[in-house]
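User: I'd like to go through this model with you, one question at a time. Could you give the cut-offs as we go?

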Amino acid sequence: YMSIKYLKKAIKTPSSDDNKTRAAVQSILNDIEKRREQSIKEITKIIYSIIDIETTGGKFNEERITEIAIFKIDDKGNTIKYHKLINPQKKIQPFVKKLTGISDEMLIDKPLFSELVNEIDEFTKNSIFIAHNVNFDYRVLKDEFHRCQRKFIRKTLCTIELSKNVFPNENSYSLGKLVSSLGIEIKNRHRADGDAMATLKLFKKICLNLNKKQLSKFIKINQ
């Protein structure tokens, strides 16, 4: 990843004014991008939903979702986005407000989870649920479905577990520090859409290092 950043920088620097050199560097970058696209297409014969949620905070199993973002990679490698703010019907913990910037006032006129349950179910149907620390996001989403008297069962993949296998020498596997170390830009940190996009980029980088068979070993089947 550092070499890619170096090559991109090389194109813009005064020392790379020579047209042949610039063309050669750009050709290398184009080839890397093609390999990246090909690797994700080979992996995505399966549908993946990369998900991040923000919650009210509070006691275990009493958190309510305030924001959800999903980037679905379909079986052709296309990415489709789903993003909603949600009225949690309870107050957001003060430290969470400060962390995410989401306030109670922002959510007053937003839909309840029960109004979105069908479309979330349909959007993620037949896909593998991926998140950074997937046990948290999957548990909270299952709890929300349970409150609607609905079941939510998906196979899961955790990008923390995958990253520890693919990038074993990292100092930290928290999302912010990990993607920064890997040269992945992260915008809108601690918001569902920003963190989900960073997790999507991380997953694509992981897919450059694992084939379909290797990736399948990390998939957890839930009941």
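User: Is T159 buried or exposed, and what is its relative accessible area?

Analyst: Let's start with the location: T159 is found in helix α7. Helices here are DSSP runs of H or I with at least four residues, strands are runs of E with at least two, and both are numbered from the N terminus. Buried means under 20% relative accessible area, exposed over 50%, and partly exposed in between, using a 1.4 Å probe and protein chains only. T159 therefore counts as buried, with a relative accessible area of 0%.

User: What kind of model is this, and what does it need before a local feature is used?

Analyst: Residues are numbered from 1 along each chain as its sequence is written, and side-chain values use heavy atoms, with hydrogens and water left out. Totals for chains, interfaces and linings use all residues, and side-chain atom pairs count only at pLDDT 80 or more, but this is a predicted model and its local features need pLDDT of at least 70.

User: Which residue has a side chain joined to that of T159 by a polar contact?

Analyst: Contact means heavy atoms within 4.5 Å, and, leaving aside neighbours within four places in sequence, T159 touches I130, A131, H132, T199, L202, F203 and I206. A polar contact is a pair of N or O atoms within 3.5 Å; within protein, one must be able to donate a hydrogen and the other to accept it, and residues adjacent in sequence count only if both atoms are side-chain atoms. A polar contact of 2.7 Å links the side chain of T159 to that of H132.

User: What is the strand order in the open sheet?

Analyst: Two strands pair if DSSP finds at least two bridges between them. The edge strands, each pairing on one side only, are β3 (79-85) and β5 (156-158), and the twist averages 20 degrees from one strand to the next. With mixed pairing, the five strands of this open sheet run in the order β3-β2-β1-β4-β5.

User: Which residue in β2 stands opposite D52?

Analyst: Strand β1 covers residues 47-55 and strand β2 residues 65-73, and they pair in the antiparallel sense over eight bridges. Opposite D52 stands A69.

User: What angle does helix α5 make with β3?

Analyst: Axes are lines fitted to C-alpha atoms, for helices over the stretch in contact, and angles run from 0 to 180 degrees between N-to-C directions. Helix α7 (residues 159-166) lies across β4 and β5, at about 50 degrees to β5. Helix α5 (residues 113-124) packs on the sheet, touching β1, β2, β3 and β4 (127-131), and its angle to β3 is about 170 degrees.

User: At what angle do the axes of α5 and α6 cross?

Analyst: Two packed helices are described by the angle between their axes and the distance between the axes. F113, V117, I120 and D121 in α5 meet L141, E144 and F145 in α6. The axes of α5 and α6 come within 10 Å, and they cross at roughly 115 degrees.

User: How many residues apart in sequence are the parts that R150 and D121 tie together?

Analyst: A salt bridge is a side-chain nitrogen of Lys or Arg within 4 Å of a carboxyl oxygen of Asp or Glu, and this rule gives 10 salt bridges. In one of them R150 pairs with D121, with the closest N and O atoms 3.1 Å apart. R150 is partly exposed at 28% relative accessible area, and D121 is partly exposed at 22%. R150 lies in the loop between α6 (134-147) and β5 and D121 in helix α5, so the parts tied together are separated in sequence by 29 residues.

User: In the salt bridge of R147 with E144, how far apart are the closest N and O atoms?

Analyst: R147 and E144 both lie in helix α6, three residues apart, about one turn of the helix. R147 is partly exposed at 35%, whereas E144 is buried at 1%. The closest N and O atoms of this salt bridge are separated by 3.4 Å.
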